[in-house]
Amino acid sequence: MEKLQNDLILRAAQGLPVERVPVWVMRQAGRILPEYREVRAKAGSFIGLATNPEMAAEVTIQPVDRFGVDAAIIFSDILVVPEAMGLPYLMEEQKGPVFPDVIRSKADLAKIRDANPEEDLKYVLDAIKIVKKELAGRVPLIGFAGAPFTIFCYMVEGKGSKTFSQAKKMLYAEPELAHALLQKITDSTIAYLKAQVAAGANLLQIFDSWAGILSPVQYSAFSTPYLKQICDAIQDVPVTLFAKGAFFAREEMAQLNCATIGLDWNMDIAESRKLVGPNKSLQGNLDPCALYGDFKTVEAETKAMLKAFGTQRYIANLGHGVYPDIHPDKVQCFVDTIQNYQA
């Protein structure tokens, strides 16, 4: 077992006692930090940065140095999985990810392959190894992947969307094709997550960013079974499920073999604890917009969140990724308030 100087997040995820609430921030390595923007400029593009192990490692560690957060999360993107399956994407400024080719038919499905993480995603695994060496046990490292349904959305739609109507159309019009694609994504994701653990990830998070566009019945059919496969396959490290907008699925997710359920800011804390039960940890869930407030407001909102969650079986975080125009000092205030909190 690796000896960590700070293992608070791992203990909180496993339901072991902690002396204080641990904290990390979704998108903590990113555009809010001037030092990130410098490295990004050197890399020339987002994808250039994500595929350069040394640079990806550097920006992964920056928030640990800057904010003193209790975990690093590897700098990467959820869309590296479809790319590794043979469906490359472009990252267009102001627009986000765009897939020149999409999956809309059996013929399209036949063109993609199962990802081989050791070959297709070696740059992520190399970045993990560099980070582990440079962190030298200061804090745990979180690995991650997109949930199969969220990856499916991009592979079918071809870009971000408010409705993902093309992706949802397949669920109704060609459910068998949808399930075949979801299974392929799931198989690749399991292999990728296992490779991240082998490279040194101490904890994994599954981001179901577009969970909220589904009805409860559809979520049970097209997301939960694939999340279950992932949770059952990963036994060596704790797994966190974060399904944004899927307030209706909290009880269902609590039945899965994961350690932690991530909450967005629309999910009531007391209600979530009741639905999830005492045997899982919770993560979240401050509205990122709260960090636009003055320091007094940030501190008050953060303390209200901590009071509602309690100090055990809890990992403090935002309810979604930090927005790029939030001042780093507000993030520091958020982190400091949590780390100094006395119940």
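Predicted model: local features only at pLDDT ≥ 70, side-chain atom pairs only at ≥ 80, totals over all residues.
Who is around it? If we skip the neighbours within four places in sequence, alanine 145 is in contact with Ile78, Thr189, Tyr192, Leu193, Gln205, Ile206 and Phe207. Take threonine 189 from that list: it sits 44 residues away along the chain, yet the two C-alpha atoms are 7.0 Å apart.

Now, rings. Searching the whole structure turns up 12 aromatic pairs. One to look at is phenylalanine 144 with phenylalanine 207: the ring centres are 5.6 Å apart and the planes make an angle of 85 degrees, so we call this pair edge-to-face. Phenylalanine 144 has 9% relative accessibility, so it counts as buried. Phenylalanine 207, at 14%, counts as buried too.

Here's another pair, tyrosine 292 and tyrosine 323. This one is stacked, with 6.5 Å from centre to centre and 25 degrees between the planes. Both tyrosines are in loops: tyrosine 292 between strand S8 and helix H16, tyrosine 323 between strand S9 and helix H17. They're 31 residues apart, so again distant parts of the chain get linked. What about accessibility? Tyrosine 292 comes out at 39%, so it's partly exposed, and tyrosine 323, at 21%, is partly exposed as well.

Tyr36, Phe46 and Phe75 make up one aromatic cluster. And over the ring of phenylalanine 295 you'll find the charged end of lysine 330, 5.3 Å from the ring's centre.

Last stop, a pair of helices. How do H9 and H10 pack? H9 is residues 148-157, H10 is residues 165-173, and their axes are 7 Å apart at an angle of about 105 degrees. Angles of 65 to 115 degrees count as roughly perpendicular, so that's what we call H9 and H10. On the H9 side, the residues that meet H10 are Phe149, Phe152, Cys153, Val156 and Glu157. On the H10 side, we have Ser165, Gln166, Ala167, Met170 and Leu171. Sort the residues of that contact by type and you get seven nonpolar, two polar and one charged.

That's my tour, thanks!

Technical notes
Residues numbered from 1 in each chain as written. Heavy atoms only, no water. Axes fitted to C-alpha atoms, helices over the stretch in contact; angles between N-to-C directions. Helix = DSSP H or I, 4+ residues; strand = E, 2+ residues; numbered from the N terminus. Parallel < 35°, antiparallel > 145°, perpendicular 65-115°, else oblique. Contact = heavy atoms within 4.5 Å. Nonpolar A, V, L, I, M, F, W, Y, C, P; charged D, E, K, R; others polar. Phe/Tyr/Trp six-rings, centres within 6.5 Å; stacked < 30°, edge-to-face > 60°. Buried < 20%, exposed > 50% of the residue type's maximum accessible area, 1.4 Å probe, protein only. Lys NZ or Arg CZ within 6 Å of the ring centre and 35° of its normal.
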